[in-house]
Amino acid sequence: MRSDRTEEERSPQPPAGEPDGPTATTPPQAEDGETPTASVDEVSARAEESAEATSSAANRDAELEELRDRYLRLAAEFDNYRKRTEKERAEHAVRAQGKLVSSLLEVIDDLERVADFTPETTTVAALLEGVQMVERKLLRALEAAGLERLEPRGARFDPEHHEALMTADTEHPHEDDTVGEVFQKGYRFQGHLLRPARVQVRKHSG
């Protein structure tokens with residue numbers, strides 16, 4: 001064998017195509033050509049968005065809870081107002097009825113006195129006068145409370161306040177469709193019809 005190889009031949013040679021010295025490391029590339037630093041920024045941005053979304057959801061929940069509490073308070077206040085109004089209305093009705101009954105007490109006293117009349121000591125004229133006095137007092141008390149009697153004799157027939165029981169002929173044209181006889185008086189109470197007047201209606205046949 002030959003022993004006269006040069007030093008260069010005895011020294012190991014790096015493979016062809018590789019650079020001399022330590023191997024240079026190339027940073028890894030992402031599929032889209034961006035470096036990992038861009039991916040970290042994206043993750044950070046998404047984390048911030050998620051935190052903002054969580055905060056926004058928490059704020060909405062707080063607002064909804066506040067609205068719910070406000071609704072419950074309003075509902076409770078309205079229920080209390082309704083109960084208080086109903087109670088006041090009932091008390092007002094009781095006071096009004098009590099006032100009406102109180103005004104009728106004197107009428108009841110007069111009726112008791114008339115009922116105590118005896119045939120031996122009472123004339124027909126005295127009995128009639130007592131009954132008429134009770135009637136006047138009773139009507140005054142009821143009229144003061146809002147009662148109104150309907151006495152439509154001679155007035156134009158009004159089907160909303162009068163009930164025609166029969167008709168009667170008349171020779172006078174101006175009496176056509178007017179009230180003749182009143183068989184039963186009608187009554188209104190504070191503007192509301194309690195009972196229509198039952199009447200005879202005159203008709204002109206000419």
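Begin by selecting K203 and D177, which form a salt bridge whose closest N and O atoms are 3.1 Å apart; a salt bridge here is a side-chain nitrogen of Lys or Arg within 4 Å of a carboxyl oxygen of Asp or Glu. K203 lies in strand β6 and D177 in the loop between β2 and β3, so the pair ties together parts that are 26 residues apart in sequence. Strands (E, at least two residues) and helices (H or I, at least four) are DSSP runs, numbered from the N terminus.

This is a predicted model, in which local features need pLDDT of at least 70 and side-chain atom pairs count only at pLDDT 80 or more, while totals for chains, interfaces and linings use all residues. Residues are numbered from 1 along each chain as its sequence is written, and side-chain values use heavy atoms, with hydrogens and water left out.

Colour the pair by accessibility next. K203 is partly exposed at a relative accessible area of 35%, and D177 is also partly exposed, at 24%. The scale calls a residue buried under 20% relative accessible area, exposed over 50% and partly exposed in between (1.4 Å probe, protein chains only).

Now select R202, likewise in strand β6. A polar atom of the R202 side chain lies 3.2 Å from the backbone oxygen of V179. Leaving aside residues up to four places away in sequence, R202 touches G154, A168, T170, E175, D176, D177, T178, V179 and G180, where contact means heavy atoms within 4.5 Å.

Proceed to E163 and R198, whose side chains meet in a salt bridge at 3.5 Å, N to O. This pair links distant parts of the chain, with E163 in strand β2 and R198 in strand β6 (residues 197–204), 35 residues apart. Both partners are partly exposed: E163 has a relative accessible area of 31%, and R198 has one of 35%.

The next selection is R153 with E181, a salt bridge with its closest N and O atoms 3.4 Å apart. R153 lies in the loop between β1 (147–150) and β2 (162–170) and E181 in strand β3 (residues 178–184), so the pair ties together parts that are 28 residues apart in sequence. Here R153 counts as exposed, at 52% relative accessibility, whereas E181 is partly exposed at 38%.

How many salt bridges does the structure hold? There are 14.

Conventions. A polar contact is a pair of N or O atoms within 3.5 Å; within protein, one must be able to donate a hydrogen and the other to accept it, and residues adjacent in sequence count only if both atoms are side-chain atoms.
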